[in-house]
Amino acid sequence: MRVTHVITRLIVGGAQENTLATVAGLRRISGLEVYLISGPTTGPEGSLEAEAENLTVMPELVRPIHPLKDWQALGKLEKIFREQKPDVVHTHSGKAGILGRLAARRAGVPIIVHTIHGPSFGSFQSAPANFIFRSAEKFAGRATTHFVVVADAMKEQYLAAGIGCPEQYTKIFSGFVLEPFLAAKNDLGLRSSLGIAPGDFVIGKIARLFKLKGHDDLFAMAPELIRQNPKIKFLLIGDGPWRGRFENLAETLGLKNHFVLTGLVRPDEVPKYTGIMDTLVHLSLREGLPRALPQAMAAGKPVVAYDCDGAREACRDGETGFLVQPGDLATLKTRLLQLAGDAALCQRLGQTGQQFALENFPVEKMVRDIYHLYMRLAANH
């Protein structure tokens, strides 16, 4: 069986790590030939291109809407598919998802799968933008054999928009290599190098420094949070266009010593930083199911997340952490102070979360589930 995966770009991010892990895992299965096509990777979010084997980079497959390049990418993808003759084309992310599926249909590919890593429409953007993206997803949906969703929330949102039918959806959690997170320790040397004392309570956040990721809410409540508990430190993992803005904000608020911005961190280094966190917050307003949540849970850390999209499928309120309604800074502050003052609670939530991650997020399980899906679709074709 030949399988070709297509993604818009390979920045350091959850969808990209998921895709690379899937491709690498499938290549180890006898009888599969697996190819990977990506658009160019640029910007401060970093690149995973070096980790991709046998990668074809298509310069025309750019993230922004660009009629000429989009038309060229569509034609080039169709040409590649006609030459490769894949049994399955599996697309990821917005632009590659639209163009890849349309090109696959034009090339006569028998099975076309699309993974919905996060919503392309919703309350996070304007009505005109939603109309455009919803219409595009409906159009591409007619060329889709099957959808993979990383959370049930994605299935519900797309079905509500009239895209596909329930039988076309399968949930497969975005797995990852668990062992480095299971082994993560509270490295006092790493803490010291970052200006974090052994007794500080570290609130971690792993996300691109950009809009919709919720950093502004963290800064908004930080002064009061630190006033009530001066030992709180914020550890922000990641980079992005808004890094300078957040560095200035920390200084303006007089909280420079309470915010640690690491900049870009390679995925294989994330576990050691997770190990020195006491809790992880995830305040994104647009996400499928953020990998940062189960990764922190695998490290035995309690999590606090906005109840947005698929977050509740990992952050189970009162079991693995706390869910907070988006924008409810008062409850967010209360929950973080509660964790900072109750080590036993942190331990209980962390242990439950670790067990949940062990059962649901091994990368081997993800790859196996995707392979079985391909086999089922091929048998029914």
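This note comments on salt bridges in a predicted model.

1. A search of the whole structure finds 20 salt bridges. Side chains of opposite charge can pair when their charged atoms come close. The points below take up several of these pairs in turn.

2. Glu33 is paired with Arg2 in a salt bridge, with 3.3 Å between the closest N and O atoms. Glu33 belongs to strand E2 (residues 33-38) and Arg2 to strand E1 (residues 2-7), so this pair ties together parts that are 31 residues apart in sequence. Glu33 is partly exposed, at 37% relative accessible area, and Arg2 is likewise partly exposed, at 32%.

3. Asp278 and Arg191 form a salt bridge through their side chains, at 3.0 Å from N to O. Asp278 sits in the loop between helix H10 (270-275) and strand E11 (279-282), while Arg191 is in helix H7 (residues 188-193); the pair therefore ties together parts that are 87 residues apart in sequence. Arg191 is buried, with a relative accessible area of 1%, whereas Asp278 is partly exposed, with 23%.

4. A salt bridge also joins Lys365 to Asp369, whose closest N and O atoms are 3.0 Å apart. Both residues lie in helix H14 (residues 363-380), where a spacing of four residues is about one turn of the helix. Lys365 is partly exposed at 28% relative accessibility, and Asp369 is partly exposed with a relative accessible area of 25%.

5. Salt bridges also occur as a network, which links Glu78, Arg82 and Arg106.

Note on methods:
Residues are numbered from 1 along each chain as its sequence is written. This is a predicted model: local features need pLDDT of at least 70, side-chain atom pairs count only at pLDDT 80 or more; totals for chains, interfaces and linings use all residues. Side-chain values use heavy atoms; hydrogens and water are left out. A salt bridge is a side-chain nitrogen of Lys or Arg within 4 Å of a carboxyl oxygen of Asp or Glu. Helices (H or I, at least four residues) and strands (E, at least two) are DSSP runs, numbered from the N terminus. Buried means under 20% relative accessible area, exposed over 50%, partly exposed in between (1.4 Å probe, protein chains only).
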